[in-house]
Amino acid sequence: MNYSKLKLLLGILFFFTSLAKGEEFDLEGSLTIDLMRGLIRGNICLSIAKMAPKKGFLLNRGLNIKRIYSSQMKDIKYEGYYNGKTYGEAVYYKPQKADITTAKKMCIEYVGAFPVYNNQETFYDFKGLIAFNNHYLRAADQSKWYPIWYDSKINYINTKVSYKIELSCPQCKTLYINGSKPVYAQHAQFSSMKPFPLTLFAGNFEFREKHSIIYINGSVSDLAADAISKTIDEINSYYSIIFNKKPVEKPVLLTFKQLFAYTGWNFVSWPTIAISNEINFDSILINQEDVTVDRIFYATLSHELAHAFFNKFKINHDNAYYWFYKESLIEYLSLKVQQKKYNSSYEERIKSNLKMARSFAKYLPLNSISEKSQLTTIYRYNIAPLLLIAMESFIDENILLASLREISYNRVQRPLNYTSFLQLLKTNGANQQALDLYEEKCLPDLANLEQCLFQCHLPVSSLLMNMGTDNG
């Protein structure tokens, strides 16, 4: 029996075992989309068994609640309808405990209207946006298009849910919800007893499956599919060794048109890896003889696949070092994969990161971060990974990788901050004197960081010497 058949059989067995145990979905209900008018109508029920009494839920602030009611069809009073607290793209609602004490489910009926961007553009687009254009709707889990239990006291959000959703879109050709396969339909039921973060993609687009990888909204030839599958297997194998885990499942590769033309960006809601610019996947094939993908695409896959190996890791969203743990460590790992595959590409990325760093006027030493907002996009994706690379010259690289492995298993001292990160390094063999020297030599300012990389990474030295004083 091949692997894909075994995986399917185990999935079916898990589903029916769950039903036999009487387990219920975390989330169940219906959603209707009006693609041309940018409308969403939802009637979603949450399992109260999954909720602690102190919890409320988050829902996108563009979605207006019509009513909240119990599984006994009794209306539930709630806080947040007026002057509700906002958390990013969502509003916090808290049902009255007395109204849900005897209920098995709490249901939220809601409706919302959103701009439909045809050829217009906006200056803003991100994972938390519910984005309509004249071809499809894109809504990732971060957008909170579905209600999500939320504990305001610890500020922890878990968007992964088991689900059964009836999805309707009369103007759509294709429907997709993360954790299920896409279907050509205007109405379909999607379900999974295994929890997933729910990215929704519905509209007029094609899809194809090859080598257990699903391609959504982007054409792919057999040759390109071979190259991508080979690349994913290679990166997967490398991370599997680092983290001492089984390789992760094959991803869904989804490509979309971002709402502004000049900046590309990607996101992951595993197993979906979403890539902007509506790419033709054949365009990433640079060598048809040895089936090789281009280095930018390789870097994208190495970053997003690293996220999949951190699926057990948890951190509160208001943690000052949230972006360091969630993105900087991931980008560092991506650079290590690139170094292993293409050393010249690795050097170019370091050069590029340094150029970005030089344009950054608000640098704070990593051990002085006190607010989440201080780890800006440039800091978390360009500067912090370089700080980790510089650290390799003061402690063994394997100590750093072993520490990341512990983080991926969520085995790390709390609270999560710079001090606990150093403590984890020491637990895995780092010397305090070496760490003190690292902080003294590399952290004070960006000039110190450049000097650390110049002195300690000889391949990088020539790049730094050729950079001059260009701040661009």
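**View 1. Helices α5 and α8 cross in a left-handed way.** Left-handed here says that the near helix is turned anticlockwise from the far one by less than a right angle (clockwise would be right-handed). This is a predicted model, where local features need pLDDT of at least 70, side-chain atom pairs count only at pLDDT 80 or more, and totals for chains, interfaces and linings use all residues. Residues are numbered from 1 along each chain as its sequence is written, and side-chain values use heavy atoms, with hydrogens and water left out. Helices (H or I, at least four residues) and strands (E, at least two) are DSSP runs, numbered from the N terminus. α5 (residues 322-341) and α8 (residues 397-408) have axes 12 Å apart and pack at about 135°. Axes are lines fitted to C-alpha atoms, for helices over the stretch in contact, and angles run from 0 to 180 degrees between N-to-C directions. That makes α5 oblique to α8 (under 35 degrees is roughly parallel, over 145 roughly antiparallel, 65 to 115 roughly perpendicular, the rest oblique).

**View 2. Helices α9 and α10 make a right-handed crossing.** The axes of α9 (residues 418-427) and α10 (residues 432-442) come within 10 Å and cross at roughly 140°, so this pair is oblique too. On the α9 side, look for Tyr418, Leu422, Leu425 and Lys426; α10 brings Gln432, Leu435, Tyr438 and Glu439 to the contact (heavy atoms within 4.5 Å).

**View 3. Six strands form an open sheet with mixed pairing.** Reading across, the order is β4-β8-β2-β1-β14-β17. β4 (63-70) and β17 (187-197) sit at the edges with a single partner strand each, so one side of each has no neighbour in the sheet. On average, neighbouring strands are turned by 15° against each other, direction ignored. Zoom in on β1 (residues 27-34) and β2 (residues 39-47): they run antiparallel and are joined by eight bridges (two strands pair if DSSP finds at least two bridges between them). Thr32 stands opposite Arg41 in β2.

**View 4. Residues 3-21 keep a pLDDT under 50.** pLDDT is the predictor's confidence in each residue, from 0 to 100. For residues 3-21 the model has ten contacts beyond four places in sequence. Residues 458-472 are also below 50, with 25 contacts beyond near neighbours in sequence. For the protein, the mean is 88, and 89% of residues reach 70 or more.
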